[in-house]
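Subject: Handover of a structure and its findings

Dear colleague,

Please find below the structure that I am handing over to you.

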Amino acid sequence: MLKLLRANFSRMIHDRTFWFLSGLMAFIGVSTAAVNTINIHREGGVWAMDFSLLICVIIAPILTSVWVAMFLGSDYSGGTLRNKLIAGHRRRNIYLANLLTCCCAGLILCIAFAIPQGALGLLLGGQIQSAWKTLLMYGGLSIALMLAFTSLFTLIAMLCQNKAHTVAGCILLAFTLIFLGVYITSSLNEPEYLSGYSYTENGVTIEEPETENPNYISGTKRQIYEFMQDFTPGGQVLQISDMTVEKPGMLALYDGIILLAATGFGIVFFRRKDLK
């Protein structure tokens, strides 16, 4: 297991794609800090850095899906996986070593965004307005969310032998989960009643009363949507980035369930997989 991890981390350190994506995350972080500072100076006020620091939970899963697919897909296309099996490594250890490596890579991408943005933001006059306990909580939730995302990407990459299909599948999954979260959140944010309004027709003012919103979700359906918002990684992305999490313990628990389920499922099927 340790030999597999050393080999994986050695590959990661020398991987150009990894450094490119890390640099891209740092560039986005610095650019976001610069843009926010310019906007604040134009409009006045104080830049609250709390929200912008958590933007990484939206960007990092997408870039992580690309790297995981490329990194693990190379094991199949380059014959590395076959060599590991010939060397006597157990399939379970290979899977877990790859998962740990990919999880570390995903967390590094988040750090590559947060540190440059936080340092530059503070230098440019940005302020952190939330309590440190709150920031630590959201930082922990971000880590748990990245582990859940990465476990799903690893599952796809370890069970698909075609590198192109792996890349497409991981990227598609990332966007699907995020868009699903957007849909669920927007549906839950629909108001129960539509505000009344007035308009003038032929010189006569007509008042329209408040009406029920047909798009409002209630009852059991709303409970299901609220559960899906908390359980799915895409729903968690929006809650964390907007700092609107109401049940942090449950979100962390759901991330743990996804991580364990995806890993267990992946190990079982990877053991049975016929490797060409």
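In this message, buried means under 20% relative accessible area, exposed means over 50%, and partly exposed is in between, computed with a 1.4 Å probe on protein chains only. Met243 has a relative accessibility of 15% and therefore counts as buried.

The model is predicted, so local features need pLDDT of at least 70 and side-chain atom pairs count only at pLDDT 80 or more, while totals for chains, interfaces and linings use all residues. Residues are numbered from 1 along each chain as its sequence is written, and side-chain values use heavy atoms, with hydrogens and water left out.

Met243 lies in the loop between α10 and α11. Helices are DSSP runs of H or I with at least four residues, strands are runs of E with at least two, and both are numbered from the N terminus. The phi angle of Met243 is near 55°, a positive value in a residue other than glycine.

The nonpolar core

A nonpolar core is a set of buried Ala, Val, Leu, Ile, Met, Phe, Trp, Tyr and Cys residues joined through side-chain atoms within 4.5 Å. The largest such core has 52 residues, and those with the most contacts inside it are Met25, Trp67, Val68, Leu72, Ile240 and Phe270. At least two residues of this core come from each of α1 (2-13), α2 (16-43), α4 (56-77), α6, α7, α8, α10 and α11 (248-272). In soluble globular proteins, nonpolar side chains tend to be buried together.

Contact here means heavy atoms within 4.5 Å. Leaving aside neighbours within four places in sequence, Val68 is in contact with Gly73, Cys102, Thr150, Phe153, Thr154 and Ala157.

Leu145 is found in helix α7 and, at 0% relative accessibility, counts as buried. Not counting residues up to four places away in sequence, Leu145 touches Val57, Pro233, Gln236, Val237, Ile240 and Asp255. From Leu145 to Asn215 the separation is 70 residues in sequence and 30 Å in space, C-alpha to C-alpha.

Grid points are joined across faces, edges and corners, and a volume is the space filled by probe spheres set on the points.

The largest pocket holds about 520 Å³ of space. It is lined by 20 residues, of which Leu53, Leu54, Ala114, Leu135 and Gly139 are the closest to its centre. Helices α3 (49-53), α6 (91-123) and α7 (132-159) each supply at least two residues of this lining, and α7 gives the largest share, nine residues. By class, the lining of the largest pocket has 15 nonpolar, four polar and one charged residues; Ala, Val, Leu, Ile, Met, Phe, Trp, Tyr, Cys and Pro count as nonpolar, Asp, Glu, Lys and Arg as charged, and the others, Gly among them, as polar.

The second largest pocket has a volume of about 300 Å³. Of its 13 lining residues, Leu188, Gln229, Gln239, Thr244 and Glu246 are the closest to its centre. Helices α8 (163-188), α9 and α10 (233-241) each supply at least two lining residues, with the largest share, four residues, coming from α9. This lining divides into two nonpolar, five polar and six charged residues.

Gln229 belongs to helix α9 (residues 219-231) and is buried, with a relative accessible area of 14%. Apart from residues up to four places away in sequence, Gln229 touches Ile184, Thr185, Leu188, Gly235, Gln236 and Gln239.

Salt bridges

A salt bridge is a side-chain nitrogen of Lys or Arg within 4 Å of a carboxyl oxygen of Asp or Glu. By this rule there are two salt bridges.

Arg222 forms a salt bridge with Glu226, with the closest N and O atoms 3.6 Å apart. Both residues lie in helix α9, four residues apart, about one turn of the helix. Arg222 is buried at 19% relative accessibility, whereas Glu226 is partly exposed at 35%.

The side chains of Asp230 and Lys247 meet in the other salt bridge (2.9 Å, N to O). Asp230 lies in helix α9 and Lys247 in the loop between α10 and α11, so the pair ties together parts that are 17 residues apart in sequence. Asp230 is buried at 5% relative accessibility, and Lys247 is partly exposed at 41%.

With kind regards

Notes. 1 Å grid on protein atoms, 1.4 Å probe; cavity = no way out; pocket = protein on both sides within 12 Å on 5 of 7 lines; lining within 4 Å.
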